[in-house]
Every structure is written in structure tokens, then in C-alpha cells.
Amino acid sequence: MNQLHLFDNDRTLLVIDMQDDFETAHRPATILGVQRQIRKAMRHGWAILFVEFHGYGETHDCLRDVCKNYKR
């Protein structure tokens, strides 16, 4: 039987609701922690997905900028 084998170490980092209108998204420790996780995902070649709640602003530039040149 043929089987589809995905990459064993393939993962995706989800960055959810790190937008202007969410109070928690403004906490410096939270922002630093998310930046650290983005850098880790990039080092490992993982996909990064930003999820935004419609109508609550955009994901902070300081987070998107970390991976703006990331090719995955």
C-alpha cells in the first residue's frame, strides 16, 4: 500500500490575535516571547501562520518584521 509521508519534523507556528485591539498583545513580555518563538520557528524551517480576528487591527509590525524576509 502506498502511503503519504509528511516531514517528520515539519511544524507550524501559529501566532494568534497579536493585534492592536487586544490588551495582552501589548505586554512587553508577551511580545518578546512571541518574537523568540518566531525566531525559533525560522531556525527550524517551520511554517509561520498569523491569524487575525477581523475588525481588531493588524498583527503588530514588530512581529511581522521579524520574519519579513523568511521564505517559507
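**Exercise 1. Asp 10 and Arg 72**

Take the salt bridge between Asp 10 and Arg 72 in this predicted model: how far apart are the closest N and O atoms, and which parts of the chain does the pair link?

*Solution.* 
- Start with the distance: the closest N and O atoms of Asp 10 and Arg 72 are 2.9 Å apart. The cut-off for a salt bridge is 4 Å, so the pair counts.
- Asp 10 sits in the segment before β1 (12-16), while Arg 72 is in the segment after α2 (61-64). They are 62 residues apart, so this is a link between distant parts of the chain.
- Finally, check the surroundings. Asp 10 is partly exposed, at 37% relative accessible area, and Arg 72 is partly exposed too, at 48%.

**Exercise 2. The partners of Arg 64**

Work out which residues Arg 64 meets in salt bridges, and how they are linked.

*Solution.* 
- Look at Glu 58 to begin with: its side chain meets that of Arg 64 in a salt bridge, with 3.4 Å from N to O.
- Now turn to Asp 61. Its side chain also forms a salt bridge with Arg 64, and here the N to O distance is 2.3 Å.
- What separates Arg 64 and Asp 61 along helix α2? They are 3 residues apart in that helix, so about one helical turn lies between them.
- How accessible are the members? Arg 64 is partly exposed at 30%, Glu 58 is partly exposed at 48%, and Asp 61 is partly exposed at 47%.
- For the overall tally, the structure holds 3 salt bridges.

A bit of background: side chains of opposite charge can pair when their charged atoms come close.

**Exercise 3. Sorting out the rings**

The structure holds 2 aromatic pairs. Decide whether the rings of Phe 22 and Tyr 56 are stacked or edge-to-face, then do likewise for Phe 53 and Tyr 56.

*Solution.* 
- Take Phe 22 and Tyr 56. Their ring centres are 5.0 Å apart and their planes meet at 15°, so this pair is stacked. The reasoning rests on a cut-off: planes under 30 degrees apart count as stacked.
- Where do these two lie? Phe 22 is in the loop between β1 and α1 (28-44), and Tyr 56 is in the loop between β2 (47-51) and α2, so the pair ties together parts that are 34 residues apart in sequence.
- Go on to Phe 53 and Tyr 56. Their centres are 4.8 Å apart, with 70° between the planes, and the pair is edge-to-face. The cut-off here is over 60 degrees.
- As for accessibility, Phe 22 is partly exposed at 23%, Tyr 56 is partly exposed at 33%, and Phe 53 is partly exposed at 45%.

**Exercise 4. Gln 19 and its neighbours**

Say whether Gln 19 is buried or exposed, and find what its side chain lies by.

*Solution.* 
- First, locate Gln 19: it belongs to the loop between β1 and α1.
- Then read its accessibility. Gln 19 has 0% relative accessibility, so it counts as buried; the cut-off is under 20%.
- For the polar side of things, a polar atom of the Gln 19 side chain lies 2.6 Å from the backbone oxygen of Gly 57.
- Last, list some contacts. Leaving aside residues up to four places away in sequence, Gln 19 touches residues including Ala 25, His 26, Val 51 and His 60.

Key
Residues numbered from 1 in each chain as written. Predicted model: local features only at pLDDT ≥ 70, side-chain atom pairs only at ≥ 80, totals over all residues. Heavy atoms only, no water. Helix = DSSP H or I, 4+ residues; strand = E, 2+ residues; numbered from the N terminus. Buried < 20%, exposed > 50% of the residue type's maximum accessible area, 1.4 Å probe, protein only. Phe/Tyr/Trp six-rings, centres within 6.5 Å; stacked < 30°, edge-to-face > 60°. Polar contact = N/O pair within 3.5 Å; in protein donor to acceptor, adjacent residues only side chain to side chain. Contact = heavy atoms within 4.5 Å.
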